[in-house]
Amino acid sequence: MTKKTVTPEPVLTIQLPALPDPRLSPNQKHHYQKRGQIVREQRDTWLWLLREALGPPPYQQFKRPVSVTFRLTGTGNRMDVGNWVAHGGLKVLLDCLTEPRGKKDYGVGILKDDSVRWVKAVTVQVEPEGEPVTAVTIESAEAGALNNG
């Protein structure tokens with residue numbers, strides 16, 4: 001019986017010189033239209049920063065389930081870790097990493113989808129010191145599995 005060797009997908013880290021918009025914190029109680037406006041502004045910002053960091057398309061898409069780590073530096077002490085974890089701005093960024101599909105007509109397409117089928121884990125690390133940066137690291141959730149039998 002022959003075993004097929006599978007090359008693990010590379011780890012991708014993207015440095016974005018911005019932090020999620022604190023107005024999307026779950027503690028903010030904006031009217032749904034105002035929140036929608038903030039989400040659209042944040043989406044446009046993330047898309048612009050992603051395209052700037054990645055260069056011109058097309059982009060390589062991960063073909064297997066992944067884990068995503070968001071590392072936020074320069075956050076100061078304005079929100080506790082729980083608010084960053086539940087932060088709507090990170091959901092908007094995760095959506096921007098996926099491919100456009102259906103009514104969602106935006107995204108760079110690095111990830112097929114952000115469902116549990118494709119994204120197995122999301123981790124948020126917060127560092128109050130330093131310049132405001134959101135680093136996104138995407139790696140295969142099956143990083144240790146080199147053989148597919």
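## Around Leu-97

Skip the neighbours within four places in sequence, and Leu-97 is in contact (heavy atoms within 4.5 Å) with Ile-14, Leu-50, Val-108, Gly-109, Ile-110, Leu-111, Val-136 and Ile-138. This is a predicted model, where local features need pLDDT of at least 70, side-chain atom pairs count only at pLDDT 80 or more, and totals for chains, interfaces and linings use all residues. Residues are numbered from 1 along each chain as its sequence is written, and side-chain values use heavy atoms, with hydrogens and water left out.

## The core

Leu-97 also belongs to the largest nonpolar core, a set of 30 residues. Such a core joins buried Ala, Val, Leu, Ile, Met, Phe, Trp, Tyr and Cys residues through side-chain atoms within 4.5 Å; buried means under 20% relative accessible area, with a 1.4 Å probe and protein chains only. Val-68, Leu-97, Ile-110, Leu-111 and Ile-138 touch the most other members. Two or more residues each come from strands S2 (12-16), S3 (66-73), S4 (119-127) and S5 (133-140), plus helices H1 and H3 (88-97). H3 gives the largest share, six residues. Helices (H or I, at least four residues) and strands (E, at least two) are DSSP runs, numbered from the N terminus.

## Helix H1

H1 covers residues 32-54, and its 23 residues reach 32 Å from first C-alpha to last, close to the expected 33 Å (1.5 Å times one less than the number of residues). Its buried residues include Arg-43, Trp-46 and Leu-50. Just after H1, Gly-55 takes a positive phi of about 85°.

## Charges over Tyr-106

Arg-43 puts its charged end over the ring of Tyr-106, 4.6 Å from the centre. Lys-104 lies over the face of Tyr-106 too, at 4.7 Å from the ring centre. The call needs NZ of Lys or CZ of Arg within 6 Å of the ring centre and within 35 degrees of the ring normal.

Note on methods:
Buried < 20%, exposed > 50% of the residue type's maximum accessible area, 1.4 Å probe, protein only.
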